[in-house]
Each structure stands twice: as structure tokens, then as C-alpha cells.
Amino acid sequence: MSKTPLVSIVMGSDSDLSVMEPAADILQQFNIPVELTIVSAHRTPHRLIDFATTAQARGIKVIIAGAGGAAHLPGMIASITTLPVIGVPIKSSNSIDGWDSVLSILQMPNGVPVATVALNAARNAGILAAQIIGTYSKETNAAIHVYKTLLKEDVIEKVETLKTKFPNGYDKR
Ligand code: RP5
């Protein structure tokens with residue numbers, strides 16, 4: 001039997017799926033149950049209201065919302081729920097250059113924050129959601145520690161590789 005999801009990942013369209021899937025993947029790696037669905041701020045406004053109104057009562061702790069272009073989904077969800085909302089700006093088919101999505105999600109009015117990650121950075125949204133869960137779950141916190149240690153070790157390995165390439169320092173003169 002699958003566990004009750006703690007993180008809800010929503011996106012404006014199925015065309016956002018390839019960008020948003022890494023959020024679900026990393027959360028699964030951290031053993032956090034997720035749900036993933038489509039909620040469009042403009043095409044299904046009543047579904048948005050229903051989703052945002054009921055998410056907390058369903059046990060959701062964090063919402064990750066991704067959208068492109070006139071990306072109102074994360075902000076509108078944040079206007080309804082008291083759950084933390086992480087916004088993922090997406091460079092979509094209707095984006096000019098991605099800045100439209102970034103600014104639509106980032107420039108929220110005072111009092112209604114959306115934690116906005118970089119353009120297309122759904123994986124980071126997943127990590128941030130896990131870190132929020134990690135504030136009360138020891139297991140998740142431990143899993144994030146392992147993940148961050150691996151990141152560090154990866155860089156240290158690259159430092160060593162670079163040292164073997166330039167054993168006497170860098171000087172091409
Ligand atoms: C936004 O419009 C969606 O989030 C998507 O990024 C973009 C394009 O949607 P489709 O026309 O591909 O359905 O609302």
C-alpha cells in the first residue's frame with residue numbers, strides 16, 4: 001500500500017512534466033511519498049482552488065508548483081494555503097526567454113511568499129521540500145546529510161583530478 005503523500009508536485013500542463021519529474025525523483029530518493037498532477041491556474045481555476053484548499057487536510061506538508069509563461073500557479077496556490085509553496089519557473093513553449101516565468105513566480109506581493117528556485121530547477125525544489133520535511137523527520141534529515149556529503153566528496157574528487165592535471169600549479173607561459 002502506498003503511503004500518504006507529504007509533498008504535492010503540481011504543474012500547469014503535461015508539457016511541464018519533463019522539467020518537473022526530477023523533483024519527484026529526488027524526493028523518492030529521500031524516501032518521501034509524493035503525489036504529482038496537473039493543475040492549471042488559467043484553464044482549471046476551480047480545480048486550483050479545490051486543490052489549495054484541501055491540500056493541508058490531506059496531509060501534504062509542502063507544495064511544489066511549476067509553470068511557464070504567465071506563471072500564476074504557485075502564487076495563486078500560496079494565496080489560498082498556509083503550506084509552504086516552492087515555485088519552479090519553467091521555460092515553456094509560451095515563454096519569451098524564461099524571464100517571464102521567473103518574474104511571474106518570484107515577484108510576489110508582501111505577505112504571500114513563494115520560495116522560487118532557478119529556471120527549470122525542479123530538482124532543487126525537491127531538495128528544498130525535503131529539507132523542510134527534514135526539520136521534523138530525523139530519517140529525512142539523515143538522508144539529506146548523506147546526499148550533501150556525497151556532493152562534497154564529488155567536488156573533492158574533482159579537486160584531486162585537477163591536481164594531477166596541474167601538479168606544479170597553473171602556468172602556461
Ligand atoms: C503554462 O503554459 C504551463 O505551465 C506550461 O508551462 C505552458 C504551456 O502549456 P501548454 O500550452 O503546453 O499546455 O500554463
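## A walk through the predicted model

At 15% relative accessibility, serine 13 counts as buried, where buried means under 20% relative accessible area, exposed over 50%, and partly exposed in between, with a 1.4 Å probe and protein chains only. This is a predicted model, in which local features need pLDDT of at least 70 and side-chain atom pairs count only at pLDDT 80 or more, while totals for chains, interfaces and linings use all residues. Residues are numbered from 1 along each chain as its sequence is written, and side-chain values use heavy atoms, with hydrogens and water left out.

Let us stay with serine 13 for a moment. You will find serine 13 in the loop between strand 1 and helix 1; helices (H or I, at least four residues) and strands (E, at least two) are DSSP runs, numbered from the N terminus. The side chain of serine 13 is joined to that of aspartate 14 by a polar contact of 3.3 Å. A polar contact is a pair of N or O atoms within 3.5 Å; within protein, one must be able to donate a hydrogen and the other to accept it, and residues adjacent in sequence count only if both atoms are side-chain atoms. Not counting residues up to four places away in sequence, serine 13 touches Ile38 and Arg43, contact meaning heavy atoms within 4.5 Å.

A nonpolar core is a set of buried Ala, Val, Leu, Ile, Met, Phe, Trp, Tyr and Cys residues joined through side-chain atoms within 4.5 Å. The largest such core has 26 residues, and those touching the most other members are Val7, Ile9, Met20, Leu27, Phe30, Ile64 and Val88. Two or more residues each come from strand 1 (7-11), helix 1 (17-29), strand 3 (62-68), strand 4 (85-90), helix 5 (122-133) and helix 6 (138-165). There is also a second, separate core of 19 residues, with Ala41, Leu48, Leu73 and Ile105 among them.

Two packed helices are described by the angle between their axes and the distance between the axes. Here, helix 1 and helix 5 pack at an angle of about 35°, and their axes are 7 Å apart. Axes are lines fitted to C-alpha atoms, for helices over the stretch in contact, and angles run from 0 to 180 degrees between N-to-C directions. On the helix 1 side, the contact is made by Val19, Met20, Pro22, Ala23, Ile26 and Leu27, and on the helix 5 side by Ala122, Arg123, Gly126, Ile127, Ala129 and Ala130. Sorted by class, this contact has 10 nonpolar, 1 polar and 1 charged residues; Ala, Val, Leu, Ile, Met, Phe, Trp, Tyr, Cys and Pro count as nonpolar, Asp, Glu, Lys and Arg as charged, and the others, Gly among them, as polar.

Phenylalanine 51 lies in helix 2 and counts as buried at 8% relative accessibility. Leaving aside neighbours within four places in sequence, phenylalanine 51 is in contact with Ser8, Val10, Glu35, Val39, Arg58, Ile63 and Ile77. Threonine 54, also placed in helix 2, is partly exposed, with a relative accessible area of 29%. The side chain of threonine 54 reaches the backbone oxygen of aspartate 50 at 2.8 Å.

In helix 3 (residues 73-80), the buried residues are Leu73, Pro74, Gly75, Ile77 and Ala78. Their cover includes strand 1, helix 2 (45-54), strand 3, strand 4 and helix 4 (99-106). Helix 4 is where serine 101 sits, buried with a relative accessible area of 0%. A polar atom of the serine 101 side chain lies 2.9 Å from the backbone nitrogen of glycine 69.

Most residues other than glycine have a negative phi, and most peptide bonds are trans. Asparagine 31, in the loop between helix 1 and strand 2 (34-38), has a positive phi near 65° and is exposed, with a relative accessible area of 66%. Asparagine 120, in the loop between strand 5 (115-116) and helix 5, has a positive phi near 65° and is partly exposed at 33%.
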